[in-house]
Amino acid sequence: MQPLPPVLRSAAKALPLALPAVAFAVQAAAAVVPHVPLLVVATAAVLGSEAALHRWWPGRVALLAKVRADTMIRRLTCDFLLLVGVLRLDGPHRESAYLPVVLGLLLFYALHFATHAAAIRVRATRTLPLLTRNIDASALRITPAPPALLTRRHGLRLLLLGLPASAGLLLTAASDRTEYATAGIALSAALTAAALARLGWALVRRRPASPDEVQAWFDAWLADYRPTVGLYFSGGASSAYQANMWLDALAGLDGRPLIVLRERFMMQRIGATDIPVVCLPKVAQLLRLEQSALKLMIHPANSGKTSQVLRIPTIKHAFVNHGESDKLSSCNPYAKAYDEVWVAGPAARERYALADVGVRDADVVEIGRPQLASIAPYAGPPTGPCTTVLYAPTWEGWDGNPGNTSVVLAGENIVGALLADPGVRLLYKPHPMTGSVDPRAGAADFRIRAMIGRANRERPGPPPGPGAAAELARRASELESLSASSFRDAADDAERMLVQGAPEPGRAASVAAATEAWEAAHWASLPAREHQVVTAAQPALYSCFNEADLLISDVSSVVTDYLAGEKPYAVANTSGLDDALFREAFPTAGAATLLTPDAAGVPALLESVRRPGDDGLAEARAALKLRLLGPSDPPSRVRFGDAARRLCEVADEHRVRMADRLLPAIPAQRGARTQEAVEEADAEAEALEPLPEG
């Protein structure tokens with residue numbers, strides 16, 4: 001299956017907007033003529049296109065709302081065009097006969113506006129100034145949210161509640177009998193009045209705590225919990241993995257950890273953890289952390305909002321990144337804003353020195369990569385019927401450099417060469433942002449997936465063992481019960497905050513064990529020789545590492561992490577540099593087999609993996625692992641904990657110095673002053689008063 005040509009893709013994107021536009025134009029023409037059959041058909045088409053927009057193209061609904069053509073405007077236009085068409089038909093006293101219909105329709109829309117206002121008010125009372133997870137929020141008087149149809153989906157609400165009115169008007173247009181329109185409008189008005197009453201009840205019953213009460217509750221929790229180490233994260237919807245990779249390492253630190261987020265949507269994208277999570281959307285809330293016991297904030301990514309938390313002088317900040325590679329993004333000048341930059345090994349230290357971006361060598365601390373403990377070490381050549389190859393290219397990046405990703409220039413050649421070998425099982429795991437900048441990368445990714453699908457149809461693998469599917473279903477159910485919170489469909493952020501209160505002790509460890517069991521069951525449930533396209537969050541990348549005998553990738557952090565197992569790997573050289581210059585420019589490729597864009601070296605690469613005597617890079621991989629990730633002793637988790645403990649001590653020393661420096665300048669409490677001091681202060685105040693005139 002080939003991707004659609006650009007013209008057809010553009011036409012497909014325009015279709016959801018073109019259909020209602022044409023239907024409205026025909027309806028308007030039929031109302032002016034008037035032509036009853038055409039008016040009825042066009043109105044039905046308008047209603048059908050509205051239903052299709054809400055069901056399949058919600059993004060187009062939001063786009064129309066931006067240009068003030070929202071659902072209410074479209075429904076109002078549809079109903080009154082239909083009414084105009086009926087009124088223009090020949091007949092005596094039509095205006096007086098249809099006056100109750102017009103008044104009823106106006107009443108329905110008045111009720112709709114009142115319902116919409118009540119929904120806005122309900123949402124406002126339930127929008128808390130901050131959100132939490134893994135913290136008992138029962139003291140905040142949070143109640144279950146009203147139905148989402150009434151509070152958050154106002155366009156769909158108008159579409160459904162107004163359906164009887166539109167149906168009645170259609171029947172009236174076809175039969176010229178006002179009874180149908182009157183009955184339909186009355187039913188719509190009654191349903192809308194019931195919705196308004198339900199929202200009114202939500203407003204008068206027990207309300208959640210006020211913003212001031214919520215802030216006071218959170219301040220009291222902070223004072224009681226006394227967090228010492230925090231993870232600060234802000235980013236887009238697809239970037240949550242950058243924080244999730246540090247959850248286990250953070251949980252293993254001494255002290256009391258805390259996760260601080262800035263975007264409300266991120267609360268449900270953070271993985272399963274027992275660590276308290278708080279979302280502080282406003283800067284004023286964030287700066288109150290200065291009064292807490294927090295000593296250290298760990299940053300897995302840079303963002304525009306990072307500068308806001310760096311303003312807190314009582315907290316030390318360490319940048320840990322979410323992966324290391326030879327790309328320029330791994331030595332961003334922003335890193336000099338932090339107190340320390342924690343890197344995996346000596347190579348990253350050298351990278352910062354060579355980049356000369358203002359990061360002092362004394363501020364660089366080597367901690368390894370604590371999340372790589374689960375990667376299995378190299379155990380020799382493949383022993384099964386297949387050689388499993390993981391092809392994990394990175395994305396195209398923001399700068400348009402053709403060497404960023406191999407997908408465009410080499411991806412299809414690499415995959416074609418791998419699929420041509422009957423002894424290969426391919427795991428294709430593209431970067432989740434592939435194609436987001438360069439459409440050519442998205443098109444190449446589409447074609448690669450099609451190639452894999454054809455190969456599986458031409459070479460079906462043997463079925464998995466008996467009971468494998470049942471075991472996978474059992475493990476999936478177990479994992480779901482442990483990691484997923486039971487939210488109602490109507491639940492809003494406040495209700496989720498209540499449901500996700502203090503976790504059961506040891507829940508995170510149980511989730512980790514259940515995840516490992518699910519991954520084992522997942523791989524066992526697949527046909528032994530079947531190629532796989534891995535795009536879901538599970539199985540995770542490190543699970544794919546353990547399944548693979550060989551990695552083919554680009555210059556990215558995937559290579560650095562994969563080296564923890566010291567398995568063979570290859571890097572695609574699509575930069576145009578010769579191999580010597582490529583290895584010099586990108587040290588992570590120093591122990592790799594380099595592949596040209598035509599992938600001519602794939603057969604020899606596979607042979608070297610299957611025959612360990614042909615693998616001349618084993619020692620180079622071990623040396624490069626030491627350079628990239630640092631020593632294995634002490635373990636990375638120990639080095640990570642030591643770095644956190646030491647920087648916390650620095651924060652304590654800083655607080656003591658600041659307290660000693662500022663204490664003499666801070667006036668004592670009035671009750672603690674001597675009488676002499678009080679009289680002196682009063683005299684000074686009197687001296688500052690203006691003299692009386694004259």
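A residue counts as buried when its relative accessible area is under 20%. Keep that cut-off in mind as we walk through this structure, which is a predicted model. Cys78 has a relative accessible area of 0%, so Cys78 is buried. Cys279 also counts as buried, at 0% relative accessibility. As for links between cysteines, a search of the whole structure finds zero disulfides.

Let us move on to Leu310. You will find Leu310 in the loop between α14 (306-309) and β6 (316-319). With a relative accessibility of 22%, Leu310 counts as partly exposed. Which residues does Leu310 touch, once its neighbours within four places in sequence are left aside? Leu310 is then in contact with His299, His317, Tyr334, Ala337 and Tyr338.

Arg351 belongs to helix α15 (residues 346-355), where Ala347, Ala348, Arg351 and Tyr352 are buried. Why do these four lie on the same side of α15? They cover an arc of only 140° around the axis, and therefore share that side. The buried residues of α15 pack against β6, β7 (340-343) and α25 (618-629); β6 is the strand at the end of the loop that holds Leu310.

Now turn to the other side of α15, where Ala353 and Leu354 are exposed.

Conventions:
Residues are numbered from 1 along each chain as its sequence is written. This is a predicted model: local features need pLDDT of at least 70, side-chain atom pairs count only at pLDDT 80 or more; totals for chains, interfaces and linings use all residues. Side-chain values use heavy atoms; hydrogens and water are left out. A disulfide is a pair of cysteine sulfur atoms within 2.5 Å. Buried means under 20% relative accessible area, exposed over 50%, partly exposed in between (1.4 Å probe, protein chains only). Helices (H or I, at least four residues) and strands (E, at least two) are DSSP runs, numbered from the N terminus. Contact means heavy atoms within 4.5 Å. The arc is that of the directions from the helix axis to the C-beta atoms.
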